[in-house]
Amino acid sequence: MRVIETIQEMRAFVSAARRQGKSIALVPTMGALHEGHLTLMRRAKAQCDIVITSIFVNPTQFGPQEDLACYPRDLTGDSEKANGVGVDAIFHPTAAEMYPNRYASYVHVEKITAKLCGLSRPGHFRGVTTVVSKLFNIVQPDKAFFGQKDAQQVLVIDQMVRDLNMNVQLEMVPIVREDDGLAMSSRNRYLSTEERSAAMVLSQSLSLAQQLVHDGERDIAKIRTAVVSVITEQPLASLDYVEIYNYPELESVSTLSTKALLALAVRFGTTRLIDNTILEAT
Ligand code: AMP
(Lines give C-alpha, C1' and ligand atoms only; values in the text may rest on other atoms or scores of the structure.)
Protein backbone atom coordinates (compact mmCIF):
# COMPACT_ATOMS: atom_id res chain seq x y z
CA MET A 1 0.00 0.00 0.00
CA ARG A 2 1.32 3.43 -0.97
CA VAL A 3 1.05 6.55 1.19
CA ILE A 4 0.96 9.53 -1.15
CA GLU A 5 1.29 13.12 0.01
CA THR A 6 1.28 15.21 -3.16
CA ILE A 7 -1.41 15.85 -5.76
CA GLN A 8 1.10 15.26 -8.56
CA GLU A 9 2.04 11.81 -7.23
CA MET A 10 -1.62 10.95 -6.67
CA ARG A 11 -2.43 11.82 -10.27
CA ALA A 12 0.49 9.68 -11.50
CA PHE A 13 -0.73 6.72 -9.40
CA VAL A 14 -4.26 7.08 -10.81
CA SER A 15 -3.00 7.43 -14.42
CA ALA A 16 -0.94 4.24 -14.11
CA ALA A 17 -3.99 2.34 -12.78
CA ARG A 18 -6.16 3.74 -15.57
CA ARG A 19 -3.65 2.66 -18.23
CA GLN A 20 -4.06 -0.89 -16.89
CA GLY A 21 -7.84 -0.55 -17.28
CA LYS A 22 -8.52 -0.63 -13.53
CA SER A 23 -11.63 0.80 -11.91
CA ILE A 24 -11.03 3.22 -9.05
CA ALA A 25 -12.88 3.79 -5.77
CA LEU A 26 -12.39 6.72 -3.41
CA VAL A 27 -13.19 6.64 0.31
CA PRO A 28 -12.73 10.14 1.78
CA THR A 29 -11.99 10.23 5.53
CA MET A 30 -10.41 12.41 8.19
CA GLY A 31 -8.51 9.43 9.63
CA ALA A 32 -8.53 7.99 13.18
CA LEU A 33 -9.98 5.01 11.36
CA HIS A 34 -12.51 2.71 12.98
CA GLU A 35 -14.72 -0.15 11.86
CA GLY A 36 -17.16 2.31 10.22
CA HIS A 37 -14.45 3.60 7.90
CA LEU A 38 -13.11 0.08 7.28
CA THR A 39 -16.59 -1.10 6.26
CA LEU A 40 -16.64 1.60 3.57
CA MET A 41 -13.21 0.46 2.36
CA ARG A 42 -14.20 -3.21 2.24
CA ARG A 43 -17.33 -2.28 0.29
CA ALA A 44 -15.18 -0.24 -2.10
CA LYS A 45 -12.70 -3.10 -2.58
CA ALA A 46 -15.54 -5.50 -3.37
CA GLN A 47 -16.68 -3.24 -6.22
CA CYS A 48 -13.55 -1.65 -7.68
CA ASP A 49 -10.03 -2.83 -8.58
CA ILE A 50 -8.19 0.00 -6.83
CA VAL A 51 -9.22 1.63 -3.55
CA ILE A 52 -7.83 5.01 -2.60
CA THR A 53 -8.68 6.42 0.79
CA SER A 54 -7.96 10.01 1.62
CA ILE A 55 -6.95 10.90 5.15
CA PHE A 56 -7.17 14.65 5.46
CA VAL A 57 -8.40 16.68 8.42
CA ASN A 58 -9.92 19.35 6.25
CA PRO A 59 -9.54 22.78 7.91
CA THR A 60 -12.25 24.46 5.79
CA GLN A 61 -15.03 22.31 7.27
CA PHE A 62 -14.24 23.22 10.89
CA GLY A 63 -15.64 26.32 12.58
CA PRO A 64 -13.29 28.62 14.55
CA GLN A 65 -14.45 27.19 17.91
CA GLU A 66 -14.37 23.54 16.77
CA ASP A 67 -11.92 20.68 17.34
CA LEU A 68 -9.58 21.07 14.31
CA ALA A 69 -6.42 21.40 16.42
CA CYS A 70 -7.13 18.38 18.64
CA TYR A 71 -8.87 16.15 16.06
CA PRO A 72 -7.23 12.70 16.50
CA ARG A 73 -4.42 11.95 14.05
CA ASP A 74 -2.73 8.52 13.77
CA LEU A 75 -1.28 7.88 10.32
CA THR A 76 0.72 4.83 11.45
CA GLY A 77 -2.30 3.07 12.99
CA ASP A 78 -4.52 4.16 10.08
CA SER A 79 -2.04 2.78 7.51
CA GLU A 80 -2.05 -0.64 9.17
CA LYS A 81 -5.85 -0.72 9.29
CA ALA A 82 -6.29 0.46 5.71
CA ASN A 83 -3.67 -2.01 4.48
CA GLY A 84 -5.51 -4.78 6.33
CA VAL A 85 -8.69 -4.25 4.31
CA GLY A 86 -6.95 -4.06 0.94
CA VAL A 87 -6.63 -0.31 0.39
CA ASP A 88 -4.14 0.34 -2.43
CA ALA A 89 -3.18 3.91 -1.60
CA ILE A 90 -3.70 6.46 1.13
CA PHE A 91 -3.82 10.07 -0.03
CA HIS A 92 -2.54 12.14 2.86
CA PRO A 93 -1.85 15.69 1.69
CA THR A 94 -0.83 18.59 3.91
CA ALA A 95 -3.23 21.50 4.35
CA ALA A 96 -0.81 23.64 2.29
CA GLU A 97 -0.91 21.09 -0.56
CA MET A 98 -4.71 21.33 -0.69
CA TYR A 99 -5.04 25.04 0.13
CA PRO A 100 -1.91 26.86 -1.04
CA ASN A 101 -1.38 30.58 -0.49
CA ARG A 102 -3.98 32.73 -2.23
CA TYR A 103 -6.45 29.82 -2.42
CA ALA A 104 -9.87 31.38 -3.22
CA SER A 105 -12.34 28.87 -4.67
CA TYR A 106 -15.21 27.22 -2.79
CA VAL A 107 -18.15 25.03 -3.76
CA HIS A 108 -21.47 25.84 -2.11
CA VAL A 109 -24.66 23.78 -2.32
CA GLU A 110 -27.76 25.78 -1.43
CA LYS A 111 -31.02 24.85 0.32
CA ILE A 112 -30.37 21.45 1.95
CA THR A 113 -27.24 22.85 3.62
CA ALA A 114 -29.39 25.42 5.46
CA LYS A 115 -30.73 22.96 8.04
CA LEU A 116 -29.59 20.32 10.55
CA CYS A 117 -25.76 20.41 10.79
CA GLY A 118 -25.68 23.31 8.32
CA LEU A 119 -27.47 25.45 10.92
CA SER A 120 -25.40 24.45 13.91
CA ARG A 121 -22.09 24.40 12.00
CA PRO A 122 -22.11 27.44 9.67
CA GLY A 123 -19.73 26.97 6.73
CA HIS A 124 -19.26 23.26 7.46
CA PHE A 125 -20.83 21.94 4.26
CA ARG A 126 -19.07 24.57 2.15
CA GLY A 127 -15.81 23.09 3.43
CA VAL A 128 -17.03 19.54 2.80
CA THR A 129 -18.22 20.15 -0.76
CA THR A 130 -15.05 22.08 -1.55
CA VAL A 131 -12.70 19.37 -0.35
CA VAL A 132 -14.76 16.55 -1.88
CA SER A 133 -14.79 18.37 -5.25
CA LYS A 134 -11.03 18.72 -5.05
CA LEU A 135 -10.62 15.03 -4.17
CA PHE A 136 -12.92 14.04 -7.06
CA ASN A 137 -10.87 16.21 -9.43
CA ILE A 138 -7.57 14.80 -8.20
CA VAL A 139 -8.56 11.11 -8.10
CA GLN A 140 -11.36 11.04 -10.70
CA PRO A 141 -12.85 7.91 -9.13
CA ASP A 142 -15.51 5.74 -10.77
CA LYS A 143 -17.19 5.35 -7.39
CA ALA A 144 -17.02 7.15 -4.06
CA PHE A 145 -18.22 5.70 -0.76
CA PHE A 146 -19.77 7.65 2.12
CA GLY A 147 -21.42 6.60 5.39
CA GLN A 148 -25.05 7.09 6.36
CA LYS A 149 -23.59 8.24 9.71
CA ASP A 150 -23.38 11.62 7.93
CA ALA A 151 -26.69 11.27 6.07
CA GLN A 152 -27.06 14.98 5.31
CA GLN A 153 -23.51 15.06 3.96
CA VAL A 154 -24.37 12.27 1.51
CA LEU A 155 -27.42 14.21 0.30
CA VAL A 156 -25.37 17.40 -0.08
CA ILE A 157 -22.66 15.61 -2.07
CA ASP A 158 -25.27 13.86 -4.18
CA GLN A 159 -26.85 17.26 -4.97
CA MET A 160 -23.42 18.67 -5.91
CA VAL A 161 -22.57 15.70 -8.14
CA ARG A 162 -25.89 16.01 -9.98
CA ASP A 163 -25.86 19.80 -10.25
CA LEU A 164 -22.24 20.06 -11.39
CA ASN A 165 -22.34 16.97 -13.66
CA MET A 166 -19.54 15.23 -11.83
CA ASN A 167 -18.76 11.86 -13.35
CA VAL A 168 -18.78 9.70 -10.23
CA GLN A 169 -21.19 7.20 -8.77
CA LEU A 170 -21.96 7.57 -5.06
CA GLU A 171 -22.72 4.78 -2.66
CA MET A 172 -24.05 5.20 0.87
CA VAL A 173 -23.04 2.57 3.45
CA PRO A 174 -25.24 1.90 6.55
CA ILE A 175 -24.15 3.14 9.99
CA VAL A 176 -21.76 0.83 11.82
CA ARG A 177 -22.44 0.75 15.57
CA GLU A 178 -20.75 -0.43 18.75
CA ASP A 179 -22.37 -3.40 20.51
CA ASP A 180 -24.43 -1.10 22.74
CA GLY A 181 -25.72 0.88 19.75
CA LEU A 182 -23.46 3.96 19.79
CA ALA A 183 -22.60 4.92 16.21
CA MET A 184 -18.86 4.58 15.68
CA SER A 185 -17.11 7.92 15.40
CA SER A 186 -13.56 9.21 15.66
CA ARG A 187 -14.94 11.67 18.22
CA ASN A 188 -16.19 8.92 20.61
CA ARG A 189 -12.66 8.80 22.07
CA TYR A 190 -13.20 12.28 23.53
CA LEU A 191 -15.95 10.93 25.83
CA SER A 192 -15.34 10.28 29.55
CA THR A 193 -16.53 6.91 30.89
CA GLU A 194 -19.73 8.53 32.21
CA GLU A 195 -20.37 10.40 28.94
CA ARG A 196 -19.68 7.24 26.94
CA SER A 197 -22.40 5.32 28.76
CA ALA A 198 -24.79 8.31 28.69
CA ALA A 199 -24.32 8.51 24.89
CA MET A 200 -26.32 5.29 24.52
CA VAL A 201 -29.44 7.46 24.69
CA LEU A 202 -28.86 8.50 21.10
CA SER A 203 -29.37 5.09 19.53
CA GLN A 204 -31.99 4.26 22.17
CA SER A 205 -34.03 7.30 21.16
CA LEU A 206 -33.75 6.33 17.48
CA SER A 207 -34.88 2.79 18.28
CA LEU A 208 -37.86 4.18 20.16
CA ALA A 209 -38.81 6.21 17.07
CA GLN A 210 -38.52 3.11 14.89
CA GLN A 211 -40.72 1.23 17.35
CA LEU A 212 -43.37 3.99 17.31
CA VAL A 213 -43.45 3.93 13.50
CA HIS A 214 -43.61 0.15 13.55
CA ASP A 215 -46.60 0.42 15.91
CA GLY A 216 -48.35 2.73 13.46
CA GLU A 217 -47.45 6.26 14.62
CA ARG A 218 -47.32 8.64 11.64
CA ASP A 219 -47.46 12.00 13.45
CA ILE A 220 -43.99 13.54 12.98
CA ALA A 221 -44.37 15.96 15.92
CA LYS A 222 -45.27 13.11 18.29
CA ILE A 223 -42.31 11.01 17.14
CA ARG A 224 -39.98 13.99 17.53
CA THR A 225 -41.31 14.78 21.03
CA ALA A 226 -40.75 11.18 22.12
CA VAL A 227 -37.13 11.30 20.90
CA VAL A 228 -36.49 14.66 22.56
CA SER A 229 -37.80 13.43 25.92
CA VAL A 230 -35.54 10.34 25.93
CA ILE A 231 -32.51 12.57 25.31
CA THR A 232 -33.42 15.37 27.71
CA GLU A 233 -33.97 12.83 30.50
CA GLN A 234 -30.24 12.08 30.34
CA PRO A 235 -28.56 14.76 32.49
CA LEU A 236 -25.20 14.61 30.66
CA ALA A 237 -26.85 15.17 27.28
CA SER A 238 -27.31 18.67 25.91
CA LEU A 239 -29.53 18.81 22.85
CA ASP A 240 -28.30 20.59 19.72
CA TYR A 241 -31.11 19.44 17.43
CA VAL A 242 -33.59 16.65 16.78
CA GLU A 243 -35.35 17.03 13.44
CA ILE A 244 -37.39 14.88 11.11
CA TYR A 245 -37.59 15.75 7.40
CA ASN A 246 -38.87 13.82 4.48
CA TYR A 247 -36.15 11.82 2.72
CA PRO A 248 -34.30 12.46 0.51
CA GLU A 249 -35.74 15.96 -0.11
CA LEU A 250 -35.24 17.17 3.49
CA GLU A 251 -38.45 19.18 3.49
CA SER A 252 -40.70 19.69 6.51
CA VAL A 253 -43.57 17.23 6.84
CA SER A 254 -46.22 16.71 9.48
CA THR A 255 -47.13 13.14 8.60
CA LEU A 256 -44.85 10.23 7.75
CA SER A 257 -46.03 9.03 4.36
CA THR A 258 -43.01 7.38 2.75
CA LYS A 259 -39.50 7.97 4.09
CA ALA A 260 -38.18 10.49 6.60
CA LEU A 261 -34.76 11.20 8.03
CA LEU A 262 -34.70 11.47 11.81
CA ALA A 263 -31.42 13.21 12.56
CA LEU A 264 -29.99 14.44 15.84
CA ALA A 265 -26.96 16.18 17.27
CA VAL A 266 -26.26 16.10 21.00
CA ARG A 267 -23.38 17.35 23.14
CA PHE A 268 -21.83 15.38 25.97
CA GLY A 269 -19.50 17.83 27.66
CA THR A 270 -17.55 19.41 24.81
CA THR A 271 -18.11 16.46 22.45
CA ARG A 272 -20.79 16.85 19.83
CA LEU A 273 -22.16 13.56 18.47
CA ILE A 274 -24.56 12.99 15.59
CA ASP A 275 -26.75 10.03 14.73
CA ASN A 276 -29.73 9.33 12.51
CA THR A 277 -32.13 6.76 11.21
CA ILE A 278 -34.42 6.59 8.21
CA LEU A 279 -38.08 6.11 9.20
CA GLU A 280 -40.23 4.32 6.67
CA ALA A 281 -44.01 4.03 6.56
CA THR A 282 -44.77 0.62 5.15
P1 AMP B 1 -14.96 10.99 8.84
O2 AMP B 1 -13.57 10.47 8.96
O3 AMP B 1 -15.67 11.12 10.15
O4 AMP B 1 -15.04 12.24 7.98
O5 AMP B 1 -15.78 9.90 8.04
C6 AMP B 1 -15.36 9.44 6.78
C7 AMP B 1 -16.47 8.63 6.17
O8 AMP B 1 -16.76 7.51 7.01
C9 AMP B 1 -17.78 9.42 6.02
O10 AMP B 1 -18.38 9.07 4.78
C11 AMP B 1 -18.58 8.93 7.20
O12 AMP B 1 -19.98 9.01 7.00
C13 AMP B 1 -18.14 7.48 7.28
N14 AMP B 1 -18.38 6.97 8.63
C15 AMP B 1 -17.93 7.49 9.79
N16 AMP B 1 -18.42 6.79 10.84
C17 AMP B 1 -19.21 5.82 10.32
C18 AMP B 1 -20.01 4.78 10.87
N19 AMP B 1 -20.11 4.59 12.19
N20 AMP B 1 -20.69 3.99 10.03
C21 AMP B 1 -20.63 4.17 8.69
N22 AMP B 1 -19.88 5.12 8.10
C23 AMP B 1 -19.19 5.94 8.90
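The structure, which is a predicted model, holds zero disulfides. A disulfide is a covalent bond between the sulfur atoms of two cysteines. C117 counts as buried because its relative accessibility is 7%. C48 likewise counts as buried, at a relative accessibility of 5%.

The description of the fold may begin with an open sheet of six strands, whose order is β1-β4-β3-β2-β5-β6 and whose pairing is parallel. The edges are formed by β1 (2-4) and β6 (169-173), each of which pairs on one side only. From one strand to the next, the twist averages 25°. Strands of a sheet pair through backbone hydrogen bonds, either parallel or antiparallel.

Strand β2 (residues 24-29) pairs with β3 in the parallel sense over six bridges, and the bridge partner of L26 in β3 is I52. Strand β4 (residues 89-91) also pairs with β3 in the parallel sense, over three bridges. Here T53 stands opposite I90 in β4. Helix α3 (residues 75-84) packs on the sheet and touches β1, β3 and β4, and its direction makes about 145° with that of β4. Helix α7 (residues 151-163) lies across β5 (143-147) and β6, running at about 155° to β5.

How many of the residues of β3 are buried? Six of its six residues are buried, and the strand is thus described as mostly covered. In a regular strand the side chains alternate between the two faces of the sheet. In β3, I50, I52 and S54 point one way, while V51, T53 and I55 point the other way, and all are buried. T53, found in strand β3 (residues 50-55), has a relative accessible area of 0% and is therefore buried, since the cut-off is under 20%. Leaving aside neighbours within four places in sequence, T53 is in contact with V27, T29, M41, A82, V87, A89, I90 and F91.

The nonpolar cores come next. The largest nonpolar core has 47 residues, and those with the most contacts inside it are M10, I52, F91, M98 and F136. Helix α6 gives the most to this core, with eight residues. If residues up to four places away in sequence are not counted, F136 touches L26, P141, A144, F146, I157, M160, V161, M166, V168 and L170. A second, separate core of 26 residues includes L202, A237, L264 and L279.

Helix α6 (residues 124-139) is also the place of T130. Is T130 buried or exposed? At 1% relative accessibility, T130 counts as buried. Not counting residues up to four places away in sequence, T130 touches Y99, Y103, S105, Y106 and V107. T130 and Q61 are separated by 69 residues in sequence, and their C-alpha atoms are 8.8 Å apart in space.

A further sheet remains to be described. This open sheet of three strands has the order β7-β8-β9, with antiparallel pairing. Because β7 (237-246) and β9 (271-280) stand at the edges, each with a single partner strand, one side of each is left without a neighbour in the sheet. Neighbouring strands of this sheet are turned by 15° against each other on average, direction ignored. Nine bridges join β7 to strand β8 (residues 259-268), and the two run antiparallel. One of the residues involved is Y245, whose bridge partner in β8 is L261. Helix α10 (residues 220-232) packs on this sheet and touches β7, β8 and β9; the direction of α10 makes about 160° with that of β7.

How values were computed
Residues are numbered from 1 along each chain as its sequence is written. This is a predicted model: local features need pLDDT of at least 70, side-chain atom pairs count only at pLDDT 80 or more; totals for chains, interfaces and linings use all residues. Side-chain values use heavy atoms; hydrogens and water are left out. Helices (H or I, at least four residues) and strands (E, at least two) are DSSP runs, numbered from the N terminus. Buried means under 20% relative accessible area, exposed over 50%, partly exposed in between (1.4 Å probe, protein chains only). Contact means heavy atoms within 4.5 Å. Two strands pair if DSSP finds at least two bridges between them. Axes are lines fitted to C-alpha atoms, for helices over the stretch in contact, and angles run from 0 to 180 degrees between N-to-C directions. A nonpolar core is a set of buried Ala, Val, Leu, Ile, Met, Phe, Trp, Tyr and Cys residues joined through side-chain atoms within 4.5 Å. A disulfide is a pair of cysteine sulfur atoms within 2.5 Å.
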